[in-house]
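Please consult the sequence and the structure while reading.

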Amino acid sequence: MAAENPVESLQEEATCPVCLEYFTEPVTLECGHNFCRACISQCWEGSDTAASCPQCRETVQQKNLRRNRQLANVVEIAKRLSLQAAKGAEGDGVCGEHQETLKLFCEEDETPICVICRESRAHRAHTVVPIQEAAHEYKEKIQAHLQTLREEREKLLGFKEAVTKRSQEYLKQTETERQKIVSEFQQLRQFLEEQERLLLAGLDKLDEAIVKIQNENVSKLSEQLSHLSELISELEGKCQKPASEFLQDVRSTLSRCEKGKFQQPREISPELEVRLSDLSQKTIAVMETLRKFKDTLPSALETPRGEPLGAHRQVNVTLDPDTAHPILVLSEDWKSVRWGDTRQRLQDNPERFDSDPCVLGCEGFTLGRHCWEVEVGDGRFWAVGVARESVRRKGEMNCSPKGGIWAVRRWWGQFRALTSPVTPLPLSRAPSRIRVCLDCDRGQVTFIDAGDEAPIFTFPPASFNRERIRLWLQVWDPDTRLRLCP
């Protein structure tokens, strides 16, 4: 029965009924049936009598074999259609070199091969397994990896969901805090505006009272000055008259000249002075409250981990050779300084220290929070800190905040903060690396042992007035080397 699939039907028609393979050199018998030349010759081998068709048993002449070229062409078309059908069903399931189905898998080369490739030199010595078996084995491995990847994906999805949920919660908290801050500061602004209005209204009333007294005094004094001017003119004219005329009504004239006849100006009443003093005290109280609030606000703005918002930013600092004392020797990268063997012949420029063996950093800071670390090692005589841009460079120095320097020092085995007077520092161990923390906005300098994060000393807040603050180092010992950590 012919197959329903046209391709299969064509393959059936192109198949030899003897070998059941595609026709090879197809020939046609007198009865019309077709066979491979080799197949029909083998069937008739050894027969001297008339031969018969293997399919219909009709007697035919052996010499009447005719080559069927059209059938040979049909066989080639059937082969190509078979290959295309195999490719469509199995993808790349046909060997590109031998046009055979890829039934094997080379484990060394990790590639599918056909049975002809198996016998080639390229794969003859390799381990080869059936392709379905290899596919099953690798599918199991892939499935195991898929399971792991799916589990990882589920974990990541869970993390994503948790992070999103946590972020939303934090956003809700920040929104709540935002509303609270807006509300509180709105009330604070209203309070300040009310206080300002009351204080200014009190001052306006005082102004009115003072102006009123001033106007009254000016009016009375002007009137009395006019009367005095008239009296003086009268007396000057009387003094010019003869004695007889001069002595007329002289006692009355003298009476009008007696002291005390004129009123003194009205002074500011004690009540007004009390009111002015009260207003001044209220103003001072309000401003002091605002000042305390301003000073405590930065320390109140803490992150959940306790680190102040706007933490110190680590910066890269270098030493300024133009400021180094001639006895100090700087490294080529300007990152370390030591005491030299002899005093160098350097230009005595205005920036250079000429008394104490000091050096400044190249970088200056006016805003923000910054930090860097200085390696002091086992040095016995050194000082580490910061200084104002305007610090004194020539002559005797004042190594304290009054002189524009905030630093800590080691002298022999003693550690001191260079306050005025100096403050002893009872450290549990000698630090080998010191972190310098500079807060330009609050005017504060802090020193920390970078080894164990233990605090060393914090200077009270100062006013830098937006002046540049620079690194400051001092070396007194040939065996001491200070190095700026990267």
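## The open sheet

Strands (E, at least two residues) are DSSP runs, numbered from the N terminus. Two strands pair if DSSP finds at least two bridges between them. The model is predicted: local features need pLDDT of at least 70, side-chain atom pairs count only at pLDDT 80 or more, and totals for chains, interfaces and linings use all residues. Residues are numbered from 1 along each chain as its sequence is written, and side-chain values use heavy atoms, without hydrogens and water.

Six strands form an open sheet with antiparallel pairing, in the order β12-β21-β14-β15-β16-β17. Its edge strands, β12 (358-365) and β17 (423-424), each pair on one side only.

## From β16 to β17

Strand β16 (residues 414-417) runs antiparallel to β17, and two bridges join them. Arg416 has Pro424 in β17 as its bridge partner. The loop between these strands, β16 and β17, holds Pro421. A cis peptide bond, with omega near 0 degrees, leads from Ser420 to Pro421.

## Two residues with positive phi

Glu110 lies in the loop between β6 (104-106) and β7 (111-113). Its phi is near 55 degrees, a positive value in a residue other than glycine. Glu453, also not a glycine, has a positive phi of about 65 degrees and is found in the loop between β19 (444-449) and β20 (454-458).

Relative accessible area is classed as buried (under 20%), exposed (over 50%) or partly exposed (in between), with a 1.4 Å probe and protein chains only. Glu110 is exposed because its relative accessible area is 59%, whereas Glu453, at 46%, is partly exposed.

Notes
Helix = DSSP H or I, 4+ residues; strand = E, 2+ residues; numbered from the N terminus.
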